[in-house]
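Keep the structure open as you read.

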Amino acid sequence: MIYCCEEHIDMALDDSVDNSEQPPIMDKLSAEKQLSTTCEYCPKSAIYIVSN
């Protein structure tokens, strides 16, 4: 699972496909989780979770 902000969603989708060679699933985080989770590519709050 990759947590990311709006700016880095493309990178997260690419990384997910590169690692698993499967189409990724992209979901929005709940407002509660957005407050406590940071993007894996920068210090901003994560908005999306990308998984397979």
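Leaving out neighbours within four places in sequence, His8 makes contact with Cys39, Tyr41 and Cys42. This is a predicted model, so please read these contacts as computed ones. His8 sits in the loop between β1 (2-4) and α1 (9-20), and with a relative accessible area of 12% it is buried. Seen from the other partner, Cys42 touches Cys5 as well as His8, again not counting residues up to four places away in sequence.

Ser51 belongs to strand β3 (residues 48-51). Here are the two side by side:

| Residue | Location | Relative accessible area | Contacts beyond four places in sequence |
|---|---|---|---|
| His8 | loop between β1 and α1 | 12% | Cys39, Tyr41, Cys42 |
| Ser51 | strand β3 | 18% | Met1, Ser16, Pro24, Ile25 |

Ser51 counts as buried at 18% because the cut-off for buried is under 20% relative accessible area.

Now to the helix. With 12 residues, α1 reaches 17 Å from its first C-alpha to its last, close to the 16 Å expected at 1.5 Å a residue. Which residues of α1 are buried? Ile9, Ala12 and Ser16 are. They lie on the same side of α1 because they cover an arc of only 60° around the axis. Asp10 and Asp18, on the other side of α1, are exposed. The cover over the buried residues of α1 includes β1, β2 (25-28) and β3. Just after α1, Glu21 adopts a positive phi of about 55°.

Next comes the sheet. Its 3 strands are arranged in the order β1-β3-β2, forming an open sheet with antiparallel pairing. β1 and β2 are at the edges with a single partner strand each, so one side of each has no neighbour in the sheet. From one strand to the next, the twist averages 25°. The antiparallel pairing of β1 and β3 runs over 3 bridges, and Cys4 stands opposite Tyr48 in β3. α1 packs on this sheet, touching β1, β2 and β3, and its direction makes about 15° with that of β3.

Finally, what makes up the largest nonpolar core? It has 9 residues: Ile2, Cys4, Cys5, Ile9, Ala12, Cys39, Cys42, Tyr48 and Val50. At least two residues of this core come from each of β1, α1 and β3. In soluble globular proteins, nonpolar side chains tend to be buried together.

Methods
Residues are numbered from 1 along each chain as its sequence is written. This is a predicted model: local features need pLDDT of at least 70, side-chain atom pairs count only at pLDDT 80 or more; totals for chains, interfaces and linings use all residues. Side-chain values use heavy atoms; hydrogens and water are left out. Buried means under 20% relative accessible area, exposed over 50%, partly exposed in between (1.4 Å probe, protein chains only). Contact means heavy atoms within 4.5 Å. The expected span of a helix is 1.5 Å times one less than its number of residues. The arc is that of the directions from the helix axis to the C-beta atoms. A nonpolar core is a set of buried Ala, Val, Leu, Ile, Met, Phe, Trp, Tyr and Cys residues joined through side-chain atoms within 4.5 Å. Two strands pair if DSSP finds at least two bridges between them. Axes are lines fitted to C-alpha atoms, for helices over the stretch in contact, and angles run from 0 to 180 degrees between N-to-C directions.
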